[in-house]
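The structure is shown first, and the text then moves from the interface to individual elements.

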Amino acid sequence: MKKRLYAVLSLVVIAALLLSLNVSWNMASGSTSQKTFKVGLVTDVGGVNDRSFNQSAYEGLKRAEKELKIKTTLIQSKQMTDYIPNLQKLAKANYDLIIAVGFLMHDSVVTVAKQFPKTKFLIIDSEISDLPNVASAMFREEQAGYLAGVAAALLEKAKFGKTTGKNVFGVVGGMKIPPVDRYIAGFKAGVLSEIPKAKVIIKYTGKFDDPASGKQVALSEIAQGADFVFQVAGQTGLGVIQAAKEKGVYAIGVDSDQSYVAPNTVVTSAMKRVDVATYSVIKDTLNGKFKSGIIYFDLKNNGVGLAPFMKGVPKSVSDKVNKVIADIKAGKIKIPTEVK
């Protein structure tokens, strides 16, 4: 009887020991029974080195990874034909949320979201309102563009720094698509609100990933007397800033604060807080609060804005810009969204 009892006790001890070793092994290897929340981000052709909205989305992703303890993956698209296979790759790997950055990915997201109805998607800059598994982050770019236009015009009137008083302003867009045009329409309206007879030169390169073309177009606008060039062209816009730096005029950045690209050239930037939108939708999805349809980001919810001015900008300019911000929030200023 005693032998039998000892045998049973020995088996219990061995089982407990094995269980303990297994738990220790799982803890050491990082294995848990809880499913890891996975978020994948697919850039458009501009890539994360655009120092613009792709990079901003990536910053939101990395913040979520750090603060929310999730697993993240980045896939950079080299060409537009990469969009669908890149999105499919993440969907097949059972990612909980897949983020597509850019208006150009609209059709690809619609296609893949229908193929994987149980997978949740977020698209930046494009409206998809009829699919239950897709959220669209849309921005009031015209508000940020308007503020940039007002600021540039005020600096021109104040004869700030290297300005010439010719009242000529340049804009270099990438592709002529709605998010780009909302920025430009706002900028032009902002300039004209302060200098009604100002000349606003608007040109497009047709590309978001070609700094050389951005520089060439910017140089042509500077040759026509532009004291400020506003770039709305992703990575192409880095060439615009370079042209302004070389010619001793001012540049206005886009999407994120681009002052670090050329501190003495970029006077401010029209900001679109893609990082805020990305982080916020990731957090909501993780917490079971994913909402399909369109989510708007504007001045009221810190979704758009104007980056801090470079050193030396008169306080009178920032005070006037702050007054304009208040008026926009109060609905006192109607800003166009289409370029005319």
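A salt bridge is here a side-chain nitrogen of Lys or Arg within 4 Å of a carboxyl oxygen of Asp or Glu. By that rule the side chains of Lys-272 and Asp-125 form a salt bridge, with 2.8 Å from N to O. The model is a predicted one, in which local features need pLDDT of at least 70 and side-chain atom pairs count only at pLDDT 80 or more, whereas totals for chains, interfaces and linings use all residues. Residues are numbered from 1 along each chain as its sequence is written, and side-chain values use heavy atoms, with hydrogens and water left out.

**Domains and their interface**

Domain bounds come from an automatic or database domain assignment, which gives domain 1 as 38-139 + 275-297 and domain 2 as 141-272 + 309-330. The contact between them, where contact means heavy atoms within 4.5 Å, takes 14 residues from domain 1 and 19 residues from domain 2. The C-alpha centres of domain 1 and domain 2 lie 28 Å apart.

Buried area is the accessible area (1.4 Å probe) that two parts lose on being put together, summed over both; for domain 1 and domain 2 it is about 1400 Å², 58% of it on carbon and sulfur atoms. On the side of domain 1, Arg-51, Phe-103 and Phe-139 lose the most area to domain 2, together 38% of what that side buries.

The rule finds one salt bridge across the interface of domain 1 and domain 2. Helix H2 (53-68) and strand E5 (134-139) each supply at least two residues of the side of domain 1 that touches domain 2, and H2 gives the most to that side, with three residues. Helices (H or I, at least four residues) and strands (E, at least two) are DSSP runs, numbered from the N terminus.

Residues are called buried at under 20% relative accessible area, exposed at over 50%, and partly exposed in between (1.4 Å probe, protein chains only). Seven of the seven residues of strand E10 (residues 266-272) are buried, so this strand is largely enclosed by the rest of the structure. Two strands pair if DSSP finds at least two bridges between them, and the pairings of E10 are listed below.

| Strand paired with E10 | Bridges | Direction |
|---|---|---|
| E9 (residues 250-255) | five | parallel |
| E12 (residues 304-306) | three | antiparallel |

Within these pairings, Met-271 of E10 is the bridge partner of Asp-255, while Val-304 in E12 is the bridge partner of Lys-272.

Ser-269, also in strand E10, counts as buried at 0% relative accessibility. A polar atom of the side chain of Ser-269 lies 3.0 Å from the backbone nitrogen of Gln-258. Leaving aside neighbours within four places in sequence, the residues in contact with Ser-269 include Ile-252, Gly-253, Gly-305 and Leu-306.

Most residues other than glycine have a negative phi. Asp-255, although not a glycine, has a positive phi of about 70°; this residue is found in strand E9 and counts as buried at 7% relative accessibility. Asn-167 has a phi near 60° and lies in the loop between helix H5 (141-157) and strand E6 (168-173), where Asn-167 is partly exposed, with a relative accessible area of 25%.

Notes. Polar contact = N/O pair within 3.5 Å; in protein donor to acceptor, adjacent residues only side chain to side chain.
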